[in-house]
Amino acid sequence: MPELPEVETVVTALAGALTGRTVTALEQRGALRYPLGREAPALLSGRVVSGIRRRAKYIVFAFDDCPHGLLAHLGMTGSFRIEPATEPFQKHDRLAIGLDGGESLRFADMRRFGFVKLVGLDPATGDPDDFARLGPEPLGRSFTGRELLRRSAGRTCPIKNHIMNQEVVVGVGNIYASEALFIAGISPERPAGDLAPAEADALVAAIKKSAPRRDPVGREHYSELPYRGRPGRRVPTGYPGLWPGRGTLPPLWRNGGVDSPGRPVDVLLPGLPALNAPENRECRHTL
């Protein structure tokens, strides 16, 4: 399951590639966890993408002058890619969003734990209506030791389960919960309501330390990064500062000088082997 930094990385890529572009069509290709709805194409076609942002592990697509948006979650195997609209669909493609310029944003999800669905957006906050129940962001200023104590008062569940509850604090998954508790020196089995103020402060600081704002190269969940082209020609899009620009092969990537279908793309990062090096062929999605 992607953790918060990986979702933030995906959002950064999508926002860089899609903001300001016009939706030309929506087509549900396979079964989605939640049906997209027959009204979605009519509501969103012709709309301009005004922004893409993250809240918890959700991805929110907003559109100019539109009270509706799209809410997405990657689940375990969800991924986005941008490619020419004429490209054949792949086996696990669930949704295609046509874009100006003859391109298509496609959402694939083999296990179908992820989703993309139409939602209403609160005009004041820009959030979907059911986001009011979510807790604070772990890296936000409102998430403090005092706030954690307030949300933990009287709770008897284990503290690890407690901080993984999205109504307490969002985006803290199993990996970061375990790491934060270790840093703070708190047993994961301690009842949440037993925390002392100093322990709550230490745990909040550890959560903020263990959950970086984003994973800069998608190191943990490379397979979830948005990319252009066919598999084997994975070109991530819109990473400011790392992969600048849109629609061109970024300077950190090469494909052996041959831009042909199915040819693996080498990743050239200092100190890291090429993605298609022999030692990596059994785990192609791991840098």
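Predicted model: local features only at pLDDT ≥ 70, side-chain atom pairs only at ≥ 80, totals over all residues.

I begin with the cores. The largest nonpolar core has 30 residues, and those touching the most other members are Leu14, Leu18, Ile59, Phe61, Leu70, Phe80 and Leu105. Helix H1, residues 4-18, supplies the largest share of this core, with 6 residues. As general background, nonpolar side chains in soluble globular proteins tend to be buried together.

Tyr176 and Ala180 bring us to helix H5, residues 174-184, where the buried residues are Tyr176, Ala177, Ala180 and Leu181. Viewed down the axis of H5, these buried residues fall within an arc of 130°, so they line one face of the helix. The spacing recalls a general rule: an α-helix has 3.6 residues a turn, so residues three or four places apart point the same way. What covers the buried residues of H5? The cover includes H1, helix H4 (159-163) and helix H6 (197-210). Just after H5, Gly185 adopts a positive phi of about 70°.

I turn now to charged pairs. There are 13 salt bridges in the structure. In one of them, the side chains of Arg54 and Glu137 meet at 2.8 Å, N to O. Arg54 belongs to strand S2 and Glu137 to the loop between S8 and helix H3 (145-152), so this pair ties together parts that are 83 residues apart in sequence. Arg54 counts as buried at 17% relative accessibility, and Glu137 counts as buried at 19%. Both belong to a network of salt bridges that links Glu8, Arg54, Arg55 and Glu137.

Arg81 has two partners to consider. With Glu83, the closest N and O atoms are 3.1 Å apart; with Asp93, they are 2.6 Å apart. The Asp93 pair links strand S6 (residues 93-99) to strand S5 (residues 78-84), the two residues being 12 apart. Arg81 is buried, with a relative accessible area of 2%, and Asp93 is buried at 4%. Glu83 is buried as well.

Finally, which residues have a positive phi without being glycine? One is Ala56, at about 55°, and another is Arg112, at about 65°. Ala56 sits in the loop between strands S2 and S3 and is buried, at 0% relative accessibility. Arg112 lies in the loop between strands S7 and S8 and is partly exposed, at 41%.

Note on methods. Residues numbered from 1 in each chain as written. Heavy atoms only, no water. Core = buried A, V, L, I, M, F, W, Y, C linked by side-chain atoms within 4.5 Å. Buried < 20%, exposed > 50% of the residue type's maximum accessible area, 1.4 Å probe, protein only. Helix = DSSP H or I, 4+ residues; strand = E, 2+ residues; numbered from the N terminus. Arc of directions from axis to C-beta. Contact = heavy atoms within 4.5 Å. Salt bridge = Lys/Arg side-chain N within 4 Å of Asp/Glu carboxyl O.
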